[in-house]
Amino acid sequence: MSDDHVYMSLAEGHDDGDARWAFGTGFEDPLHGISTAVPDAVDRGELAATCLELADDALVTAQRLAEWTTRAPELEEEVALANIGLDFLGQARLLYARCGQVDGSQRGEDAYAYFRDADDFRSVRLAELPNGDFAFSMARLLVFAAWRLAHFEQLATHADPVLAAIAAKGVKEMTYHRQYAAEWVVRLGDGTDKSHRRMQAGLDQVTAHLGELFAAHDARTAVLAVLRQVTEAAGLTLPDVPPTPVGHGREGDHTAHLAPLLAELQSVARAHPEATW
Amino acid sequence: MTAQQADSSAAHDAPPALQEHFEATIARDQRIEPRDWMPEGYRKTLIRQVAQHAHSEIIGMQPEGEWITRAPSLRRKAILFAKVQDEAGHGLYLYSAAETLGADRADLTERLIEGRQKYSSIFNYPTLSFADVGVIGWFVDGAAICNQVPLCRSSYGPYARAMVRICKEESFHQRQGYELLMTMMRGTDAQREMVQDAVNRWWWPSLMMFGPPDDASPNSRQSMAWKIKRHSNDELRQRFVDMTVPQAEKLGVTLPDPDLTWNEERGHHDFGTPDWDELMRVIKGDGPCNSQRIQRRRTAHEEGAWVREAAVAHAAKQAARAEKGTAA
């Protein structure tokens, strides 16, 4: 076997599609080929709002996970956090695309991601908080994945078949995200005195935001069941859920952290509004 | 001690039958496996090469990784995120291959952040625009493929097998990089300028990726005799230039070398001489981003120490609890 032969076989075009590569690297229109019809029983405005909220949550979460790149505590975590980030990015793309089909604007995914300002974003505040340390990031991922998973399980039977299919795909992904985060919360809670302190602090900060999550989608029973199980295994104390939300990201009322996050995300796209990428 | 000296001293002590078996395996183009006897020099040379390669994958995540959060479309963001993730995966395989030779990942990481082991000089250059992401895919992954495809036939089994998978992924990355540049060249004037500027900045450093010229590459001869390496630095550099020139024409960019011409007689392109003094400066630590790259890796490693310690402590507690449970 000559090297040239090996090289040629590597460099030639491949017709096998991008199936073996990460989801989302191989297509430009996430819903290409899928019927754009909306069943009569579905309220288009409500459907669009739901898609936009869930897409914004996913995009902001993916952006925070991307910030871990080259900063993770171990190489295995580099790979895992990127996997999870790519899953959320894929969810955002599908949901923005569906939103553009049903809100009457016919906008593409990038119009939503790159050309809206912070007060137009409907993401929850928990998602936009800075990454903090690894304990905070794992506490947030656990709570966020458990909450979103409960919502997606419900949406998997939604009257809109496209949203139902997106949700069914997401359920598989977030079952893994929840598991990954839960394992780390247990390791850190049980590990050393230092990791226990940090894990408890991370959990306390995250649970302060549960009120906002439950106001947006009341998955209280499912989320608290997960948190009770994980904190017990980790030897951590589950704080009380605050009775009132600390803010309403769903109404465009964000912390000071979202605008700089978006400024970075949108910087190149907005510098070249006429460009194609 | 050079690799050659190490080999001759080890060969001196080794039972002749083992040495002969090793030589015969290499001569028959068969693979050396972790369980096989091998000369100390061969082992050390391989650990050094595989570790440098692993370090290059991990440090190589940084220049492109800086653009994941700024990628100008969601599709490009997914592509770049997945690519940088692949590099972490490559680093993992390669550290594992080094561990089959008796090295330890934690120790190799210490050597990297203390500057005792090198990584590819190319990653010490900055990424100044999003076009750099495409040019790195095209040039740097292209050069890596030229370097690495022959390593799929390297005499050391675990390294050769890791390289097969890595080369497939690198070739995918190269096509993605080139496709980004094609799209940008069809875009606005500003995008075309970004691409040409990135090509100008990355061309010469990419040629330097093949290492110093053959007459100044002390370790190459022994590595070729051992079939760890299959082609000389200059042969691979020529192959890269010949491969890239028609791609540049198709793309519509100019490679920044006035001496670049087709030589009918040789059947190859003639090209100018890279600034070898610059390569030496970058290798010795004086490149534009050397300290920044190592600092980032050091910070991630040090700030992650408590997490790794917690995982070890938890595993030990689990094991103790399981043992107690069994005893009870």
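This is a predicted model: local features need pLDDT of at least 70, side-chain atom pairs count only at pLDDT 80 or more; totals for chains, interfaces and linings use all residues.

Trainee: What is the radius of gyration of chain A, and what would a compact globule have?

Mentor: For 277 residues, a compact globule would have a radius of gyration near 19 Å, and the 20 Å of chain A agrees with that. The C-alpha trace of chain A spans about 60 × 55 × 40 Å along its principal axes.

Trainee: What about chain B on that point?

Mentor: Chain B has 328 residues, for which a compact globule would have a radius of gyration near 20 Å; the value for chain B is 22 Å, which agrees. Its C-alpha atoms fill a box of roughly 75 × 50 × 30 Å, taken along the principal axes.

Trainee: How much of each chain is buried?

Mentor: In chain A, buried residues make up 55% of the 277 residues. In chain B, 59% of the 328 residues count as buried.

Trainee: And the accessible surface?

Mentor: It comes to about 11500 Å² for chain A, with 51% belonging to carbon and sulfur atoms. For chain B it comes to about 13700 Å², with 52% on carbon and sulfur atoms.

Trainee: Among contacts between residues at least 6 apart in sequence, what share joins residues at least 24 apart?

Mentor: The share is 80% in chain A and 77% in chain B.

Trainee: Let us turn to the interface. How many residues does each chain bring to the contact?

Mentor: The contact takes 64 residues from chain B and 68 residues from chain A. Between them the chains bury about 5600 Å², and 66% of that is on carbon and sulfur atoms.

Trainee: Which three residues of chain B supply more of its buried area than any other three?

Mentor: They are B:L74, B:F81 and B:W306, which supply 15% of the area that chain B buries against chain A.

Trainee: Does B:T183 count as buried or exposed?

Mentor: B:T183 counts as buried, because its relative accessibility is 9% and the cut-off for buried is under 20%. The residue lies in helix α8 (residues 157-185) of chain B. Leaving out residues up to four places away in sequence, B:T183 touches A:T276 and A:W277 as well as B:R76.

Trainee: Changing topic, how many aromatic pairs are there over all chains?

Mentor: The count comes to 17 aromatic pairs over all chains. One of them is A:W68 with A:F134, an edge-to-face pair at 5.7 Å centre to centre with 90 degrees between the planes.

Trainee: Where do A:W68 and A:F134 lie?

Mentor: A:W68 is in the loop between α2 (44-67) and α3 (75-102) of chain A, while A:F134 is in helix α6 (residues 134-155), so the pair ties together parts that are 66 residues apart in sequence. Both A:W68 and A:F134 are buried.

Trainee: Why is the pair of A:Y176 and A:Y180 called tilted?

Mentor: Their ring centres are 6.2 Å apart and their planes are at 45 degrees, so the pair is tilted; planes under 30 degrees apart would count as stacked and over 60 as edge-to-face. Both tyrosines lie in helix α7 (residues 161-190) of chain A, 4 residues apart, about one turn of the helix. A:Y176 is partly exposed at 36% relative accessibility, whereas A:Y180 is buried at 7%.

Trainee: Which residues of chain B are linked into a cluster by ring pairs?

Mentor: The cluster holds B:W138, B:F139, B:Y178, B:W203, B:F210 and B:F240.

Trainee: Which arginines lie over ring faces in chain A?

Mentor: Among them are A:R116, over the face of A:F121 at 4.2 Å from the ring centre, and A:R187, over the face of A:W184 at 4.5 Å from the ring centre.

Trainee: Finally, where is A:H209?

Mentor: A:H209 is in the loop between α8 (193-207) and α9 (210-216) of chain A. This histidine is buried, with a relative accessible area of 11%. Apart from neighbours within four places in sequence, A:H209 is in contact with A:R125, A:L126, A:L129 and A:V246.

Technical notes
Residues are numbered from 1 along each chain as its sequence is written. Chains are lettered from A and ligands numbered from 1 in the order in which they are written. Side-chain values use heavy atoms; hydrogens and water are left out. Rings of Phe, Tyr and Trp (its six-membered ring) pair if their centres lie within 6.5 Å; planes under 30 degrees apart count as stacked, over 60 as edge-to-face and the rest as tilted. Helices (H or I, at least four residues) and strands (E, at least two) are DSSP runs, numbered from the N terminus. Buried means under 20% relative accessible area, exposed over 50%, partly exposed in between (1.4 Å probe, protein chains only). A charge sits over a ring if NZ of Lys or CZ of Arg is within 6 Å of the ring centre and within 35 degrees of the ring normal. The radius of gyration is taken over C-alpha atoms; the globule rule is 2.2 Å times the number of residues to the power 0.38. Contact means heavy atoms within 4.5 Å. Accessible areas come from the Shrake-Rupley method with a 1.4 Å probe; for residues, only the protein chains shown count as cover. Buried area is the accessible area (1.4 Å probe) that two parts lose on being put together, summed over both.
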